[in-house]
Amino acid sequence: MRATLLMSAGLLLFVAGVACTPSLTVDAPEINITERNLTFPSVVTTVPGSHSVTSSFKVVTSKLGAAANHDSSAIDRMQRMEITRVFVQAKSGISDFAFLDYLKVSAANWDASRGGTSSTKPVVTILECGPDTQDCPLLYEGGGPTLSFPVNPPVDLLPLWANTNLYIIVTAGGTVPNVEWSIDVTFSFSVRWST
C-alpha cells in the first residue's frame, strides 16, 4: 500500500512538472540585417542602352533565431518571418542610383551567383520595380545615394524556411556602371517564434 502511494505521489509530481514547463514566445516586429558591400560586376559593352547585373548573398539564419538551436523542431517553432522594408545605400563605384531603371529583390534556397537554378525550388519575389511600377516611386525620385522600399504587404519567407540556406538575389538594371560597384542592403524582418 505504501509503495502504491509513493508511486502515485511521484506520478503526480511528474505530471505537475510537465504541466508547468514554461514556454516563451518572441515577437520581434523589426530585426534589421545588413549585407555590406554587396558587389556587382562591371558591364563593358559597345551596345548602348539598358543592361542588368545580378548579385546574391546568404542570410545567416541564426540571426533570426532559427539555427540558435540545431534540433529539428527549431524550424517548426518559427511562426512568422516577413520582410517589411528594403533599404539600399550606394557604396563603392557609385555615388547615387540615378542610373537605375529596374530593381528586383528575391529570395531562394539556392545561390544564383554560382549558377544555381532549380525549377523545383521556390523563388519568392520581395520587390520588383520597373519603369512603369507605381508601387516604387522612390526609385525614380532623384535617384539619390539611398533608396528605401516599404514592402506592403510584407513578404512571407516561411515557404523557404524548411531549408536554412536562404539566399537573397538582387538584380539591378539600367545604364549600369562600367566599373565594379557595391551597395549596402538592409532588410527589416518581422519575426515570431516560440520555444
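Predicted model: local features only at pLDDT ≥ 70, side-chain atom pairs only at ≥ 80, totals over all residues.
1. At 1% relative accessibility, F189 counts as buried, where buried means under 20% relative accessible area, exposed means over 50% and partly exposed lies in between, with a 1.4 Å probe and protein chains only. F187 is likewise buried, with a relative accessible area of 1%. The rings of F187 and F189 form a tilted aromatic pair, at 6.5 Å centre to centre and with 45 degrees between the planes.

2. Residues are numbered from 1 along each chain as its sequence is written, and side-chain values use heavy atoms, with hydrogens and water left out.

3. The protein has two helices and eight strands, which from the N terminus on follow the order α-β-β-α-β-β-β-β-β-β. Here helices (H or I, at least four residues) and strands (E, at least two) are DSSP runs, numbered from the N terminus. Of the 195 residues in the protein, 38% are buried. The protein exposes about 11,100 Å², of which carbon and sulfur atoms supply 55%; accessible areas come from the Shrake-Rupley method with a 1.4 Å probe, and for residues only the protein chains shown count as cover.

4. Four strands form an open sheet in the order β2-β7-β4-β5, with antiparallel pairing, and two strands are said to pair if DSSP finds at least two bridges between them. The edges are held by β2 (51-59) and β5 (123-129), each of which has a single partner strand, so one side of each is left without a neighbour in the sheet. On average, neighbouring strands of this sheet are turned by 15 degrees against each other, direction ignored; the axes are lines fitted to C-alpha atoms, for helices over the stretch in contact, and angles run from 0 to 180 degrees between N-to-C directions.

5. Which residue of β7 is the bridge partner of K104? The partner is T171, and T54 also stands opposite T171. Elsewhere in β7, S106 has I169 as its bridge partner and L100 stands opposite G174, whereas L103 has its bridge partner C129 in β5.

6. Is β7 largely enclosed or left open by the rest of the structure? Nine of the nine residues of β7 are buried, so β7 is largely enclosed. In a regular strand the side chains alternate between the two faces of the sheet. In β7 both faces are covered, with L166, I168, V170, A172 and G174 buried on one side and Y167, I169, T171 and G173 buried on the other.

7. N109 lies in the loop between β4 and β5 and is buried, with a relative accessible area of 10%. The C-alpha atoms of N109 and Y167 are separated by 5.8 Å, although these residues are 58 residues apart along the chain.

8. By the ring rule given above, the count comes to five aromatic pairs. The ring centres of F97 and F99 are 6.4 Å apart and their planes stand at 35 degrees, so this pair is tilted. Both of these residues, F97 and F99, are buried, and together with F40 and W181 they form one aromatic cluster.

9. The largest nonpolar core has 45 residues, and those with the most contacts inside it are V86, I126, L157 and F187. Such a core is a set of buried Ala, Val, Leu, Ile, Met, Phe, Trp, Tyr and Cys residues joined through side-chain atoms within 4.5 Å. Strand β8 gives the most to this core, with seven residues. Leaving aside neighbours within four places in sequence, I126 is in contact (heavy atoms within 4.5 Å) with residues including I83, V86, V105, I168 and F187.

Note on methods: Phe/Tyr/Trp six-rings, centres within 6.5 Å; stacked < 30°, edge-to-face > 60°.
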